[in-house]
Amino acid sequence: MGNIHTPLVGQQVILFDGVCNFCNASINFVIDHDPQKRFKFASLQSDFGYEVLKKYDRNTSDFDSVILLKNNRLYIKSEAALEIAKDLSGFWKYLSVFSILPTFILDFFYDLVAKNRYKLFGKSEVCRMPSPDLKERFL
């Protein structure tokens with residue numbers, strides 16, 4: 001299932017900076033609010049992440065954005081965050097209402113957090129290792 005050429009039918013894959021504490025906390029949040037298990041996860045630093053970035057002509061060494069692979073389309077930055085929010089349980093799905101705002105405005109705030117995420121939240125030396133019960137959701 002980890003191969004990008006294998007169809008991930010009905011699945012959405014969230015690619016994230018595996019050494020970013022804020023990003024890891026965000027993935028934990030998505031897991032907690034995704035009872036239907038719609039999302040799979042991979043770090044941008046993983047082989048799978050590298051394959052996706054390369055296939056879609058994205059920079060393979062710049063990890064400043066969460067990326068959502070959904071229906072063979074990449075969503076990045078605020079667009080990815082809002083697209084992810086649509087499929088979360090509870091109040092969080094209503095955050096997608098912000099998609100009416102222009103992307104450049106949303107990305108301005110996204111970039112502010114992204115550029116300061118290590119300063120604000122810290123950085124791990126290694127990518128996150130999922131617990132055995134979550135391992136099936138990580139590519």
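Skip the neighbours within four places in sequence, and Phe 39 is in contact (heavy atoms within 4.5 Å) with Gln 11, Gln 12, Ile 14, Val 30, Asp 34, Leu 68, Ile 84, Asp 87, Leu 88 and Arg 137. A quick caveat: this is a predicted model, where local features need pLDDT of at least 70, side-chain atom pairs count only at pLDDT 80 or more, and totals for chains, interfaces and linings use all residues. Residues are numbered from 1 along each chain as its sequence is written, and side-chain values use heavy atoms, with hydrogens and water left out.

Now the sheet. It is open, with 4 strands in the order 2-1-3-4 and mixed pairing; strands here are DSSP E runs of at least two residues, helices H or I runs of at least four, numbered from the N terminus, and two strands pair if DSSP finds at least two bridges between them. Strand 2 and strand 4 are the edges, each with a single partner strand, so one side of each has no neighbour in the sheet. Strand 1 and strand 2 run parallel, joined by 5 bridges, and Val 13 sits opposite Lys 40 in strand 2.
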